[in-house]
Amino acid sequence: MDLGKENIKKLRGLIIFTILILVGLQNFGVIINAARFLLNIIFPFALGAAVAFVLNVPMHFLEKHLFHERKWKENHAVRKLARPVSLILTMCIVIGVVVLVMFVVVPQLGTTIMSLGTSLQNFAVNLQSWGEKLFQDNQEIVGWINSLEFNWDQMIQTGIDFFKNGAGSVLNSTFSAAKTIISGLANFFIAFVFACYILLQKEKLSRQVKKIMYAFLKKDHVEVLTNVCSLSYKTFSNFLTGQCVEAVILGTMFFITMTIFRFPYALLVGVLIAFTALIPIFGAFIGCVIGAFLILMVSPVKAIGFIVMFLILQQIEGNLIYPHVVGGSVGLPSIWVLVAVTLGGSLMGIVGMLVFIPLSSVVYTLFRGWVYQRLKKKNIPLEQIE
């Protein structure tokens with residue numbers, strides 16, 4: 001066996017790696033606790049990086065379109081203020097959306113919840129009347145409908161007893177909940193400040209990261225990592241932009257259509273579907289279920305009409321709008337989109353649904369490029385396979 005310097009170096013690295021694995025297995029609990037401790041420390045900065053990435057998409061758009069003229073580029077003062085002004089405008093847009101939801105949707109949602117008890121009682125009466133008219137030729141069904149009784153006092157008392165039984169546990173966990181809220185606010189404040197710093201100094205940070213990479217990695221490896229990061233940013237930003245535009249279009253379509261056909265809760269359902277549509281594939285159906293339930297409390301016939309309208313608009317959105325707005329923005333076939341959403345939802349919930357589509361697109365693009373490269377080395381033309 002040739003024990004040259006290179007082989008000795010590899011053997012030494014293998015021995016050290018094996019020792020670290022054995023030590024880690026023997027102290028698995030300590031490592032898990034240390035990982036949790038480090039995760040709690042890193043979490044605000046990771047959250048800040050995520051916030052910066054999301055805000056960078058509209059900020060880059062504003063900076064590019066507001067300060068792209070040549071006379072502004074040559075003006076040093078304007079060029080220096082371009083980034084802060086774009087960031088402030090982005091913050092104003094985000095705050096404006098939040099204020100719109102709080103002062104337009106939340107009051108209407110609160111009124112709906114407060115009147116839900118009365119709506120349920122009216123719904124039962126309306127449902128019985130509707131059932132009698134629908135089955136007026138079948139006296140057996142009409143008799144069964146008339147025999148139904150709803151003891152609202154008992155239902156209300158059951159709800160009160162439920163809240164009374166859970167009050168003790170709620171009070172016991174009040175301190176813990178308050179501590180969690182304060183900790184969450186502190187983490188969010190740190191993340192917000194860190195995100196602002198990243199957005200204002202992103203070119204400088206990018207140069208610093210590249211210097212570190214070139215200092216400790218091979219040049220070829222740095223170029224590969226740079227290309228992967230560039231592809232990831234492009235894919236994630238395109239997906240985020242397309243998904244937001246598609247959600248706004250879908251919510252507006254529902255609001256206009258519901259207003260024309262005089263469906264109740266047009267604004268509330270429109271905004272609700274716009275927000276839930278940010279979740280790929282399944283999101284709009286969540287909004288449909290909630291909207292159908294609210295409309296059902298007013299009129300069962302209109303609830304059925306709303307479901308029919310939803311299916312029609314969903315077909316228009318899926319076949320015409322989504323392919324053009326989002327369609328090829330991530331470059332991922334439909335079957336893999338479904339797999340990515342399902343897998344992401346199982347592992348990370350709603351966040352996983354949002355993250356796994358662009359992440360899968362990046363992996364798909366890299367793997368496809370690797371496959372094409374290997375086919376090219378083997379002199380196998382793509383036309384022959386296709």
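Helices here are DSSP runs of H or I with at least four residues, and strands are runs of E with at least two, numbered from the N terminus. This is a predicted model: local features need pLDDT of at least 70, side-chain atom pairs count only at pLDDT 80 or more, and totals for chains, interfaces and linings use all residues. Residues are numbered from 1 along each chain as its sequence is written, and side-chain values use heavy atoms, without hydrogens or water.

**View A. Phe239 sits in helix 10.** Helix 10 spans residues 219-260. Phe239 has a relative accessible area of 5%, so Phe239 is buried (buried is under 20%, exposed over 50%, partly exposed in between; 1.4 Å probe, protein chains only). Pro358 lies 119 residues from Phe239 in sequence. In space, their C-alpha atoms are 6.6 Å apart.

**View B. Helix 2 crosses helix 10.** Helix 2 covers residues 28-66. The two axes come within 10 Å and cross at roughly 70° (axes are lines fitted to C-alpha atoms, for helices over the stretch in contact; angles run from 0 to 180 degrees between N-to-C directions). That makes helix 2 roughly perpendicular to helix 10 (65 to 115 degrees; under 35 is roughly parallel, over 145 roughly antiparallel, the rest oblique).

**View C. Residues join helix 2 and helix 10 in contact.** Contact means heavy atoms within 4.5 Å. Helix 2 brings Phe53, Val54, Asn56 and Val57. Helix 10 brings Tyr233, Phe236, Ser237, Leu240 and Thr241.

**View D. Cys92 is partly exposed, and Cys196 is buried.** Relative accessibility is 47% for Cys92 and 15% for Cys196. The structure holds zero disulfides (pairs of cysteine sulfur atoms within 2.5 Å).
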